[in-house]
Amino acid sequence: MKNFTIHLFTVALLTTVLIMSFKSFNVDKVTTVKELEERISNAQPGDTIVMAAQTWKDVKIKFKGEGTEAKPIVLKAEKRGETFLTGNSSLEIGGNHLVVDGFIFKDGYAKGRVAVRFKIGDLVAKNSRLTNVVMDHYNPADRFEKTSWVELYGQNNEIDHCYFGGKLNAGVLMAVKLNNLESRHNHHHIHHNHFGRRPKLGSNGGETVRVGVSTYCEESSETLIENNYFDHVSGEVEIVSIKSSDNTIRGNIFEASEGVLALRHGDRNVVENNYFFGHNLANAGGVRVINGGHIVRNNYFQDLGGKRFFGPLPIMNGVPNSLPNRYIRAHDVTVEGNHFFNTPHLELCVGSDRERTQIPDHISIKNNVFYNPKSSEIFTVLDDISGFTIKGNKYKNDGSALKYKAGMKPLKEEYTLNAEGLYESKSFQPKKPVIESECGPEWYTPIATTLAASDQKIKVSSFDELVKGIEKAENGATIEIISETINFTKGIHLTKNISIVCNGKERTKFSFEKNQKQVSFFTIENGGSLNLKGIDFKGRSKVGISKAGISTSKSPMIQHYSLTIDDCAFHHFDAADYSAFRAYTSTFADKIEIKNSEFYNISGVALNINGQTEQLGRYSAEEVIIENCKFKQVMTGAMEITRLGNDESTTGPHVVIKDCDFVESGNKELGSVVLLWGVQSLEVDNLFFYNAGTSGRTIRFEDPNWAVSTIDNILSIGSGRIESYYPRVGDHITTVEEHLDETKAYNMKREMNKGFQPSK
């Protein structure tokens, strides 16, 4: 009888436990916004609120509560990878000991400007955590609409094992805020996150992590940023922007990222044991040093191609009596125990100009290794370095005698690449501070961002077939035109990466039957890119004229595009400001390449790539290559490529113009055949101007003083002048003022053995 009673009690107890567990499970799991809000408002320490594995659209979560260290309140996804926050969704966290775990933000953006904020009204978050959260391509349509993905307030908060990738619009991705007293001396911990691909913004305002702002730069943040993976992050010059004091940045990996870790404002920051792998990218850099009291030690720098602000170790001049938001010279800085491998542009006194005249002071560069076997010098010195103490360093160069050899001794041991691609020697055995796979959520695969490639080929012979072919084409497919003419009845809007090529010996003629709305032949929209070969575009039709052969969308485009044109002709776009190609505001091309093509009878600017109008340092294409092209009777000008404003945090545009002819073009009063404004890298070589720019200029180059440029090998007959603010013109400029007929002019060109034969 006694045993039977015990068995009944055991069954009853187990049944009660199961019922309570089942009840708890049902209460904790929420499927509607109303249930979520009710559960948050009633949450007690130790509670876990589970959001169902579904798509939560336009949900604004205010996660407010008071947990304890032993019993935090947890808001988590029912199943990682299957609980999505989309549309206009956002999350605010306020209170103590709160944990957010496992959500994916995608397919939308937070219209309130911030996706995750560690603050609700005036209530900051403390001792709280964001973990295993994903934000992937969570962007507005306009690339210059500013949003932030995370804003950290309060104290002792943690962000770990998250993925943040595909941020395409302006605005810092993650910001540590110091604009209230409760957010200083914060001891935030940002670690083991994967910061994924962020392409160049083409403007200031593209930082990935920023700690503080200049207004509060003298305040101590004491934020620890460690063991994160920055993977192809290139928004602007400052990948990590430190604008406060007493922070530590250690054990991070920067992989193929074009920018630097910038000690921009504030003092006493420590940068140690970070690994920078530049893959020889032109703008991959290391640590940029401004202000005072910093320590840069035991970091590893490899294959960094960056120069100036993007260099491996830019130690900067300052502005005398500078306010905090400008440039306070580097001072009282220790650079110690670092290893530099294949970093040819180590520059001291960076930024030296008529404003930044105050040289660095009390800079100690000691016990570093500089391994640059292809360079003659280790340092490039841009100003007075009397404020530097250089001692105990070892180096390897190409064998040349060093100009600046104080404190430098030749390396006596050899360095070789190990299995991980790291340089090592008998005395130096490097080890990455963190494994890439340890950063970010292990369960998440990022959205692919590279342009698709495809072997698909589709043959078409009419306009209807062209439209249908593009509709069914895979991304990266090639459309082959097998007819002599294609008569357009409407414009084509491209949202795919498509190649269109002529399959015959002669260029296929594209024209409009009628174009009353004056639309472009092709409009590149989000997701679109275009590669053209062997096409003849005639703008004028019996009814109407095309405003452009190719244009970008007039609406802002968040996605980048590319454009390649080879062996094409654009003509009879002969009304108002009509163009062969036009880039509109808030669009951005990674690369525009135009070769072996002709442009004639065009009223506007043939190549209009000046898409931004504000003086904000913005531009519309990172790289522009124009080679072996002829421009004839282009009224306004052959091309305009601009970056308006003086901001120094971007890299482009990079422009190459080679082997081109400009005939009877750009003759408007005070006009320019080639207008290049704010271009930061320019190569102009072997150009021929004939009766061009007669009422103004052949080339107008308004450039910043730091621009790297060459303008040389130019023959100008009966044409305007070359104009630039700084001296840029080479020694091989031939100017003939007398009038020559076109045949004699080309004979003179051939005799000079420059350029190519004129097109028929």
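This briefing covers aromatic pairs, charges over rings, strand pairing and salt bridges in the structure above.

The model is predicted, so local features need pLDDT of at least 70 and side-chain atom pairs count only at pLDDT 80 or more, whereas totals for chains, interfaces and linings use all residues. Residues are numbered from 1 along each chain as its sequence is written, and side-chain values use heavy atoms, with hydrogens and water left out.

**Aromatic pairs**

- The structure holds 42 aromatic pairs, a pair being rings of Phe, Tyr and Trp (its six-membered ring) whose centres lie within 6.5 Å, with planes under 30 degrees apart counted as stacked, over 60 as edge-to-face and the rest as tilted.
- Phe195 and Phe230 form a stacked pair, at 4.7 Å centre to centre and 5° between the planes; because Phe195 belongs to strand S20 (residues 194-195) and Phe230 to strand S23 (residues 229-231), the pair ties together parts that are 35 residues apart in sequence.
- Helices (H or I, at least four residues) and strands (E, at least two) are DSSP runs, numbered from the N terminus.
- Phe688 and Tyr746 form a tilted pair, with 4.9 Å between centres and 55° between the planes; Phe688 lies in strand S67 (residues 681-690) and Tyr746 in helix H4 (residues 742-751), so parts 58 residues apart in sequence are tied together.
- Phe688 is buried at 1% relative accessibility, and Tyr746 is buried at 4%, where buried means under 20% relative accessible area, exposed over 50% and partly exposed in between (1.4 Å probe, protein chains only).

**Strand pairing**

- Strand S56 (residues 569-573) has 4 of its 5 residues buried, so it is largely enclosed by the rest of the structure.
- S56 pairs in the parallel sense with strand S53 (residues 535-538) over 3 bridges and with strand S59 (residues 598-602) over 4 bridges, where pairing requires that DSSP finds at least two bridges between two strands.

**Salt bridges**

- A search of the whole structure finds 36 salt bridges, each a side-chain nitrogen of Lys or Arg within 4 Å of a carboxyl oxygen of Asp or Glu.
- Glu92 and Lys62 meet in a salt bridge at 2.6 Å, N to O; Glu92 lies in strand S7 (residues 90-96) and Lys62 in strand S4 (residues 60-66), so the pair ties together parts 30 residues apart in sequence.
- Glu92 counts as buried at 15% relative accessibility, whereas Lys62 is partly exposed at 48%.
- A network of salt bridges links Lys62, Glu92, Arg113, Arg117 and Glu151.

**Charges over rings**

- The charged end of Lys119 sits over the ring of Tyr153, 4.8 Å from its centre, the criterion being NZ of Lys or CZ of Arg within 6 Å of the ring centre and within 35 degrees of the ring normal.
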